[in-house]
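This report describes selected features of one protein model. Please look at the sequence and structure shown here before reading on.

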Amino acid sequence: MLFKLAWLSILNRRSTAFLTILSIAISVTLLLGIEQLRKSVRNSFLQTVSGIDLVVGARGDAIPILLYSVFRLGEATNNLRWQSYLEWAADERVEWTIPLSLGDSHRGFRVLGTNSDYWSYYRYGKNRKLELKTGEFFDGLYEAVIGSVVAEKLGYQLNQQIVIAHGAGSAALFEHDDQPFRIVGILKPTGTPVDQTIHVSLEAIEAIHIGWEDGFPAAEKINPEKINASELQPKSITAFLVRLNSKMQTFRLQGEINAYEKEPLSAILPGVTMQKLWQILGTFEKVLMTMSSLVVLSSLTSLISLLLATLSERRREMAILRSVGAGPVIVFYLLWIEATILCFIGVFLGLIFQYGGLLALAPTIQDQLGLQILLEWPGIKEFVILLLIMACGMLMSFFPAWRAYMISLHDGLLPKA
């Protein structure tokens with residue numbers, strides 16, 4: 001009975017009730033959305049590459065090396081010599097290596113130069129291997145294998161020709177239009193930056209830069225037919241990934257690479273570097289969560305303000321209830337149930353808005369950032385957050401309910417006219 005009365009009371013003030021519910025729903029959406037994005041970002045980063053013991057690049061800070069070599073974010077300040085790579089790749093403690101050459105792009109997507117070891121050893125997620133959706137892995141000089149997002153976003157098919165540009169993003173000023181590439185393979189989706197990458201051979205990267213000096217093209221165009229792939233050898237690469245025969249050798253080899261006298265190099269531990277990255281991001285996460293919590297608190301405060309503001313207008317309603325036998329306690333519970341209903345509807349709608357928003361934004365986030373958004377049922381932490389919001393709303397609603405009780409009690413004690 002009380003629930004029905006509370007619901008009818010809400011319908012009687014549907015406009016203000018709707019705005020209050022919407023305010024709570026938006027704040028809950030923001031709070032849960034930030035938590036879901038945080039989990040998705042961490043999961044995507046952890047799923048990007050697996051089975052790697054060391055990442056080696058030119059001397060620099062660990063986090064930038066990890067970002068540009070594994071996640072295709074940012075730019076390398078310098079390259080490392082090919083001879084240095086060959087020397088460390090031949091070390092008896094090394095099981096395999098994957099050379100990476102970055103710096104070019106195609107219509108905003110990164111171009112990665114590598115060799116056949118990439119297809120053989122690169123793993124993502126839980127030791128999952130890269131697989132082709134259609135076509136084959138590159139074998140010729142001017143052949144390219146593209147990620148699923150590249151194919152979908154640009155509408156590319158097999159045997160289509162593409163032109164690679166020198167530089168990435170807005171820095172891609174010059175196109176290698178004299179040496180077009182043919183798409184020979186399209187990879188299956190991975191939910192990692194691989195989906196947004198165009199893969200070519202190291203020899204191809206060397207070929208399109210023949211005659212270039214200081215980042216500028218040669219005066220004369222190069223005839224692709226006169227280039228012999230067997231004679232092309234990289235002069236430098238951006239970085240390389242290392243897997244060791246025994247993890248017991250990791251720290252020792254890392255120290256030797258960092259002390260390498262022929263060239264300043266940095267060997268980083270992906271797991272340790274990832275923890276440093278989380279520590280940096282953790283501060284921003286806490287700030288965002290704090291701000292979102294304050295927004296939720298503000299929305300709950302607006303709920304209480306609404307109930308308090310309408311108490312004077314509802315004296316007649318309370319008087320009618322008292323006249324039919326309802327005591328002050330009934331009035332108290334009526335207001336409290338009304339506030340609880342508003343809070344529950346707001347929280348429920350917030351949960352729906354959050355999943356709807358993430359579902360709508362997931363393709364854009366994956367296209368732009370290469371991050372796969374997790375669309376799964378709320379976990380224990382999310383349920384705890386929702387329960388805390390409900391508990392706070394129910395607790396805060398005690399005050400207007402108590403005020404209604406006191407007003408009803410006072411009116412009930414007045415002598416009847």
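## Nonpolar surface patch

Phe348 is located in helix α11, where helices (H or I, at least four residues) and strands (E, at least two) are DSSP runs numbered from the N terminus. The model is predicted: local features require pLDDT of at least 70 and side-chain atom pairs count only at pLDDT 80 or more, while totals for chains, interfaces and linings use all residues. Residue numbers start from 1 along each chain as its sequence is written, and side-chain values use heavy atoms, with hydrogens and water left out.

With a relative accessible area of 46%, Phe348 is partly exposed; the classes are buried (under 20% relative accessible area), exposed (over 50%) and partly exposed in between, with a 1.4 Å probe and protein chains only. A nonpolar surface patch is formed by Phe348 together with Phe18, Leu19, Leu22, Ile26, Phe344, Ile352 and Phe353, and its accessible area is about 800 Å² in total. Patch members have over 30% relative accessible area and no salt bridge; like charges are joined within 9 Å and nonpolar side chains (Val, Leu, Ile, Met, Phe, Trp, Tyr) within 5 Å. Areas are from the Shrake-Rupley method with a 1.4 Å probe, and for residues only the protein chains shown count as cover. Helices α2 (14-47) and α11 (328-369) each contribute at least two residues to the patch.

A cavity is a set of points, on a 1 Å grid over the protein atoms alone, where a 1.4 Å probe fits but cannot get out; lining residues have an atom within 4 Å of a point. Grid points are joined across faces, edges and corners, and a volume is the space filled by probe spheres set on the points.

The second largest cavity holds about 40 Å³ of space. Its lining consists of Val49, Ser69, Val70, Arg72, Leu100, Tyr118, Tyr122 and Leu241. By class this gives 6 nonpolar, 1 polar and 1 charged residues, counting Ala, Val, Leu, Ile, Met, Phe, Trp, Tyr, Cys and Pro as nonpolar, Asp, Glu, Lys and Arg as charged, and the others, Gly among them, as polar. Arg72, one of the lining residues, sits in the loop between α3 and β2. Arg72 is buried at 7% relative accessibility, and has a positive phi of about 60° although it is not a glycine.

## Salt bridges

The whole structure contains 11 salt bridges, each being a side-chain nitrogen of Lys or Arg within 4 Å of a carboxyl oxygen of Asp or Glu. One of them pairs Arg110 with Glu75, with the closest N and O atoms 3.1 Å apart. Because Arg110 lies in strand β4 (residues 109-114) and Glu75 in the loop between α3 (62-70) and β2 (80-81), this pair ties together parts 35 residues apart in sequence. Arg110 is buried at 16% relative accessible area, whereas Glu75 is partly exposed at 46%.

Arg93 bridges to Glu256, with 2.6 Å between the closest N and O atoms. This pair links distant parts of the chain, 163 residues apart: Arg93 is in the loop between α4 (82-89) and β3 (94-106), and Glu256 is in helix α8 (residues 250-258). Arg93 is buried at 15% relative accessibility, and Glu256 is partly exposed at 28%. Glu206 and Lys235 form another salt bridge, with closest N and O atoms 2.8 Å apart. Glu206 belongs to helix α7 (residues 202-208) and Lys235 to the loop between α7 and β14 (236-237), 29 residues apart. Glu206 is buried at 16%, while Lys235 is exposed at 63%. Shared partners join Asp91, Arg93, Arg252 and Glu256 into one salt-bridge network.

## Backbone and spatial contacts

Arg107 also has a positive phi, of about 50°, although it is not a glycine. Arg107 lies in the loop between β3 and β4 and is exposed, at 59% relative accessible area.

Val55 is part of strand β1 (residues 54-58) and is buried at 1% relative accessibility. Met289, in helix α9 (residues 270-309), is buried at 19%. Met289 and Leu31 are 258 residues apart along the chain, and their C-alpha atoms are separated by 6.6 Å.

Terms used
1 Å grid on protein atoms, 1.4 Å probe; cavity = no way out; pocket = protein on both sides within 12 Å on 5 of 7 lines; lining within 4 Å.
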